[in-house]
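Please look through the sequence and the model below. The report that follows takes up one topic at a time.

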Amino acid sequence: MNIYEEVKNAATIGISGHIRPDGDCVGSVMGLYLYLKKVCPDAKIQVMLEKPAEVFSCISGIEEIHTDFTSDVEVFQAFFALDAAKDRLGGAEAYFDHAEKKINIDHHISNKGCGDVNYIVPGASSTSELIYELIEDKSLLDEEIAKALYIGIIHDTGVFQYSNTSPATLNAAAELIGYGFDFTKLIDETFYEKTYVQNQILGRALLESISFMNGKCVVSMVDKKTMDFYRAVPHDLEGIVSQLRYVKGVECAIFMYQTDTMEYKVSLRSKEKVDVAKVASFFGGGGHVRAAGATMQGTFHDIVNNLSAQIAEQLKA
Ligand code: AMP
Ligand code: MN
């Protein structure tokens, strides 16, 4: 696929990513946006995305995002869905559906491709790495594009720790840091740093976690009441599931937070054996082999029981 070839004749271009945008989603969307503004200077280009977390305000152009999903363009001539299939685009899904040319770029194994043009590479570390690769003329890269894509890569690889990190990932990162931005500060401020409240909820979730299946699984939950008490938003809970996964002997970590009465957003992480994308897909979600998620209905105990059955089946096999 050649990004420029796909959009060079488009007068209007839209870009979106998934709801509750994470680092890779924001990084890939903004990296592509900044690049397209350079290669298609005459096109009207709009980003439609839920408001990114405050930590991403260091990305150039972030204030130009249409966070309310409104636009004066009814039918975009080209529309990108990044880091997700169209069903997770939230308010941007309708624009994608109506677009003359739909382009889907993603690295989720659960995404079968929902565009007229699809570039789905499940082995890639991140959608940001894919955007980096797809920028044919690397002389068009600049510090701001590099920064956005680098943020995406570090977030989806856990700063080059997860098994999705490949030589290609590190080569991309090597070239990106060559643009001279302060990557140490970027990693600290967008990935590791937590607010006081975020740390408090993390501590509480760890304290209340339950170990089961002889220590092979660990689960924790934050209910709506607790989120309201801390005035926490979903982004404040990122990282809790990774911390649970660090427990020695744990193969599969489960974290969930309540989104409604009898409804929870579930995050799954595994170390070596369990394909959590398969588990999440079984319940209507998706993701990657070692990191996946789903929205599930029922009580906390129902959900843990249902997940356990799927996990146990894989561990048995
Ligand atoms: P999370 O647990 O939300 O951090 O998500 C882990 C991975 O699974 C990320 O790559 C998400 O994009 C993906 N993911 C989470 N929820 C879903 C879902 N409902 N459908 C498809 N992919 C998901
Ligand atoms: Mn991603």
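## Between the domains

This is a predicted model. Domain 1 covers residues 3-192, and domain 2 covers residues 196-316. Their C-alpha centres are 27 Å apart. Domain 1 brings 10 residues to the contact, and domain 2 brings 14 residues.

How much area is buried between domain 1 and domain 2? The value is about 900 Å², and carbon and sulfur atoms give 51% of it. On the side of domain 1, three residues stand out: Arg20, Ile109 and Ser110. Together they supply 44% of the area that domain 1 buries against domain 2, more than any other three residues.

Are Asp24 and Asp156 buried or exposed? Buried means under 20% relative accessible area. Asp24 has 0% relative accessibility, so Asp24 counts as buried. Asp156 is buried too, because its relative accessible area is 14%.

## Nonpolar cores

The largest nonpolar core holds 53 residues. Within this core, Ile13, Ile15, Met30, Leu32, Leu36 and Phe80 touch the most other members. Helix H2 gives the most to this core, with 10 residues.

Take Ile13 as a case. Leaving out residues up to four places away in sequence, Ile13 touches Val7, Leu36, Cys40, Ala43, Lys44, Ile45, Gln46, Phe76, Ala78 and Phe80. Another core lies apart from the largest one. This other core has 21 residues, including Cys217, Ile254, Val266 and Val276.

## A covered helix

How many residues of helix H4 (residues 127-134) are buried? Seven of its eight residues are, and H4 is thus mostly covered. The buried residues are Thr127, Ser128, Glu129, Leu130, Ile131, Tyr132 and Leu134.

Terms used. Residues numbered from 1 in each chain as written. Chains lettered and ligands numbered in written order. Predicted model: local features only at pLDDT ≥ 70, side-chain atom pairs only at ≥ 80, totals over all residues. Heavy atoms only, no water. Buried < 20%, exposed > 50% of the residue type's maximum accessible area, 1.4 Å probe, protein only. Core = buried A, V, L, I, M, F, W, Y, C linked by side-chain atoms within 4.5 Å. Helix = DSSP H or I, 4+ residues; strand = E, 2+ residues; numbered from the N terminus. Contact = heavy atoms within 4.5 Å. Domains from an automatic or database assignment. Buried area = accessible area lost by both parts, 1.4 Å probe.
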